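I opened my notebook to look up strand pairing, domains and nonpolar cores. My entries follow in the order in which I worked.

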Amino acid sequence: MSAFNRINFHTTCLVFSFLIFIRSHVKAQKKDSTHIELKEVEVIAPSKSENDIGATLNFMSINSEYLTRNQGNTFINTLEKLPGISSINVGVGISKPVIRGLSLNRVIVNEYGIKQEGQQWGADHGLEIDQFNVDKVEVVKGPVSVLYGSDGIGGVINIYPSHIPKTNSINGDMILNYKTNNDLYGASIKLQGNKNDIYTIARFTHQDYGSYRVPANEFTYNGFILPIYNNRLKNTAGKETNFSILTGIKRKWGFTRLYISNYRQQAGFFVGAFGVPRAYQLFDDGIPRKISIPNQFINHFKIISNTLLLVKKGYFEFDFGYQYNIRNEYSFPHAHGIANTSFGNLAMGLDLQTYSANIKFNHQLNSRLKNIYGISAQHQTNFKKGHEFLIPQYEATMVGAFLFSEYKPTSNFLISGGLRFDAAVQKSIRMMMPTYNSSLQYIKDVQAAPALNRKYFNTSGSMGLSYNFNSLWKLKTNIGSAFRIPVIAELAANGVHHGTFRHEKGDSTLLPERGYMFDLGLYLKNKSIVMDFTPFINYFDNYIYLSPSAKFSPLPDAGQIYLYKQTKAIFYGFESSAAWQINKFILNETSIEYVWNVNTENKLPLPFTPPFSILEEIVLTPFNNKKQFKLFHLAITAQYFAAQNRVDRNEPKTLGYLLLHNSVSNTFLIGKQKLSLFFQIRNLANVKYMNNMSRYRILNLPEQGRNLQVLLKYEF
Amino acid sequence: MKKTLPIIIVSFLFSFCNDRKKIHPDSNNNTSKPTIIVVSKNIPTITKYLCDASFSNVLKITTGSTLQIQFHFKGSNSLSQYKIDVHNNFDCHSHGRISASNPWNVLNIVDVSGKDVSVTETLIIPSNASVGNYHLMIKLIDELGNEAEPLDFNIIVLNSNDPIAPTVNLSYPTSDSIGIARGTNLNFVGVISDNLSLSGGKYEVSYKDSLNTIFDIHQVFFPPAQGNTYNLNFNYIIPTFSVKGASLFYIKAFDEVNNVTVKQLNVTIY
């Protein structure tokens with residue numbers, strides 16, 4: 001068996017290598033024969049200038065137009081189209097980012113320079129970001145711990161503020177959208193003004209959706225065929241509201257700005273998701289917008305202050321943040337065999353407050369050498385309530401300091417290197433939990449989680465270079481170490497976790513997770529073709545994962561206990577993309593991504609690994625000489641996802657699938673105002689498929705069916 | 001340069017291919033699932049309507065009697081444990097409240113070893129167990145933690161001495177379908193009677209509004225000296241904020257062993 005596997009693997013490897021070879025060759029030849037002016041290729045092309053920090057890393061930048069045109073169910077679903085980015089989803093409203101197969105606390109999301117903190121450790125804990133409120137995003141893949149501290153293992157998603165409104169202007173936009181699949185309607189309004197470079201930008205968004213439809217009227221669970229009435233997954237409705245206001249001042253000395261936002265979401269979980277789904281729970285109650293139990297309520301409030309102060313030979317950056325994340329998960333106590341408590345249906349309530357501070361000094365020593373000195377600090381308190389025990393209350397403090405240098409010996413050569421020191425403290429009190437005998441009679445309280453008092457010290461480093469061979473070819477490479485201190489769930493969890501419906505148990509002696517990463521980036525850019533190939537290899541010596549204990553949980557209805565353990569793990573893979581402007585009107589974009597990993601302890605793959613996928617898109621811009629249709633844009637997209645047979649123990653294998661999407665958009669100019677219409681059909685063929693990155697995969701539930709989306713944007 | 005770059009890429013990819021040997025030497029990576037087979041059981045499986053849905057895995061059994069199931073557990077790795085879980089499903093897992101006084105619960109975790117294990121589980125239903133619907137679940141894991149597809153049964157427990165549920169006769173409202181304005185008084189008058197003494201039993205009034213939201217509005221436990229009948233007289237003021245439209249009121253009468261009768265009224269709130 002294993003010999004066969006090895007042969008099989010070698011074959012696959014060879015085929016890939018060969019394909020890449022052919023591909024590069026073909027493209028290289030084509031390049032010589034075409035001399036068409038390459039229009040601005042959105043997304044794929046690296047857009048950061050060489051003067052910015054971290055230019056040797058592999059990054060992609062996208063703007064609000066791209067986000068609107070490709071809008072998915074959530075901000076992360078929209079980013080998913082980018083090579084190397086995927087998402088872990090629960091239904092359509094909850095998703096979290098995955099970069100090169102690394103997820104949860106291994107990916108940092110920074111909004112306006114402050115790391116978003118909202119219980120990222122849980123697969124069912126979505127990212128609390130309103131996608132209408134994002135104008136500019138940058139995704140950095142690779143080792144970013146030196147710059148961003150703990151958790152910067154897979155990469156970072158940086159959300160930047162909107163452009164400052166034009167001096168002495170008042171304007172804004174209004175967005176209305178509708179999605180047929182889950183009857184989503186949404187509205188978003190932005191108002192902004194600038195007087196003498198003192199400006200304010202405010203946005204309000206509300207979206208409300210019903211239970212989503214799947215192309216199936218039944219599903220199979222544990223040998224039983226269960227109904228899906230009217231193709232809707234019962235109780236997957238939700239709503240979200242976001243309000244944000246940013247106000248700032250721009251002067252010769254630099255700028256300062258203050259940002260306040262409040263994101264609120266209520267989302268239902270499929271009725272059978274927390275336990276064994278039963279036929280009688282699934283009856284259609286005729287109210288697809290109703291959010292019943294189980295569901296989750298999230299409120300994420302934040303205040304962020306950013307200041308940039310120009311000084312001789314550089315500038316200071318001061319970023320301060322306060323975040324208050326409330327997360328309440330509601331489910332019936334009975335469903336878990338526990339009698340009533342004073343918390344009613346509140347299974348788990350977590351209130352997390354985070355204070356953050358980052359100070360950096362960008363020091364331009366001379367035209368070739370730039371140093372960045374930074375310090376950062378973060379303090380968290382987490383309060384816990386609810387009738388279930390999963391994680392204890394805790395306090396955590398982290399401080400770090402780094403030096404990052406960029407040296408440019410010649411105009412086509414850039415070397416960077418950095419060193420970082422971090423220290424962290426985590427404290428939690430001992431938690432008790434009631435126990436019951438086999439007749440569910442209370443016996444006594446036992447320890448659920450020990451008291452914690454952990455201290456961590458970590459050093460990380462990275463080096464990178466970027467070299468332009470000539471005007472066409474560029475090479476980047478990075479080597480670095482990344483780390484993450486264990487999260488409280490990994491240290492002290494003890495209970496059934498909704499994200500997996502498993503009894504998970506922490507280990508208070510876990511060491512920080514450390515990764516050593518190496519990546520390459522090979523870039524080609526000529527008049528009509530932009531191509532890149534970015535392979536990577538990551539090695540972890542303390543990778544934290546959940547391991548089945550082969551012992552059952554004493555909790556009623558629960559399966560076996562999963563223990564948090566550490567192992568050596570290897571990840572490797574690549575992304576490759578190519579954009580080819582065939583002629584003035586036709587653009588062809590292709591991208592491939594692949595991740596392979598292994599847990600060396602049990603020789604098995606790690607769970608939630610995205611499958612090999614290929615994206616092929618043809619973009620037509622046939623009317624770019626006509627005034628009112630200058631921005632007309634038609635795209636046909638095919639996405640192929642291979643079967644995922646490399647799965648962890650007890651993780652089901654998933655078949656491959658092909659999805660088709662289509663989008664049409666145009667912007668009409670009405671005087672000085674703009675009216676844009678975006679139309680999208682996702683899953684055009686209404687394909688029934690399962691996604692191994694979905695929480696509902698374990699219930700054998702198919703993913704969302706065809707979805708027609710209309711979005712109207714009026715800019716005034 | 002243009003020609004050599006693809007070669008660099010290929011060599012790079014190739015270097016990964018060779019890594020594989022180091023990390024795949026042997027295997028505790030056997031992920032095949034163990035299986036649970038029911039060899040025999042002393043109660044036949046029947047198809048029944050439970051909680052408004054049809055189930056083909058129902059076992060009907062009386063209190064004080066024995067359920068005996070012979071299992072054959074099989075795996076390609078040595079087995080570790082099986083778990084038998086019985087809990088009540090009186091409320092069809094939709095309500096947080098455990099309503100009966102004496103539900104039957106089983107939570108047995110048993111160690112096993114070997115790849116091929118035959119086990120006979122004998123479950124005695126306590127003679128005083130509350131009657132109603134229960135779930136029985138059997139789970140199995142091997143020593144590597146591979147999980148078998150669990151086995152799932154619905155059990156209907158009947159009381160051997162008292163299989164008869166109380167009856168509810170209402171003299172008011174006089175019809176099963178009525179209309180009533182918000183803010184006005186809905187009066188229930190009638191008699192609950194049973195073959196044995198009602199003491200230890202109870203009655204409950206609840207309703208489901210036109211949006212399918214369920215409200216529990218009244219619960220009375222019958223006192224110890226209660227005879228075979230109870231005179232019901234209960235007033236409920238339809239809240240002024242309640243949802244208009246067709247709602248359902250339920251009067252549920254339970255005897256001591258949890259035999260239950262549900263009287264349903266169609267009430268249109270306007």
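**Entry: opposite partners.** I began with Met463(A), which stands opposite Ile479(A) in S24(A). I noted that this is a predicted model, where local features need pLDDT of at least 70, side-chain atom pairs count only at pLDDT 80 or more, and totals for chains, interfaces and linings use all residues. Residues are numbered from 1 along each chain as its sequence is written, while chains are lettered from A and ligands numbered from 1 in the order in which they are written.

**Entry: terms for strands.** I wrote down that strands (E, at least two residues) and helices (H or I, at least four) are DSSP runs, numbered from the N terminus. Two strands pair if DSSP finds at least two bridges between them.

Entry: I took S20 (residues 413–428) of chain A and found 16 bridges to S23 (residues 452–468) of chain A. These two run antiparallel. Gln426(A) has Arg454(A) in S23(A) as its bridge partner.

Next I looked at S23(A) and S24 (residues 473–484) of chain A, an antiparallel pair with seven bridges. A hairpin of four residues links S23(A) to S24(A).

Which strand do 12 bridges join to S24(A)? I found S27 (residues 513–525) of chain A, running antiparallel to S24(A). Lys474(A) is partnered there by Tyr523(A).

Tyr523(A) also has Asp532(A) in S28(A) as a bridge partner. S27(A) and S28 (residues 529–552) of chain A are antiparallel and share nine bridges. Their hairpin runs through three residues.

**Entry: cores.** I checked the term before I looked. A nonpolar core is a set of buried Ala, Val, Leu, Ile, Met, Phe, Trp, Tyr and Cys residues joined through C-beta atoms within 7 Å. Buried means that 20 or more other C-beta atoms lie within 10 Å of a residue's own, with C-beta atoms placed from the backbone.

The largest core has 71 residues. Leu79(A), Val107(A), Val139(A) and Ala569(A) touch the most other members. Strand S29 (residues 560–581) of chain A gives the largest share, 11 residues. Another core, of 28 residues, lies apart from it and includes Ala550(A), Phe552(A), Leu59(B) and Leu79(B).

**Entry: domains of chain B.** An automatic or database domain assignment sets the bounds. Chain B has domain 1 (35–158) and domain 2 (167–269). Their C-alpha centres lie 34 Å apart.

Key
A residue is buried if 20 or more other C-beta atoms lie within 10 Å of its own, exposed if 12 or fewer, and partly exposed in between; C-beta atoms are placed from the backbone.
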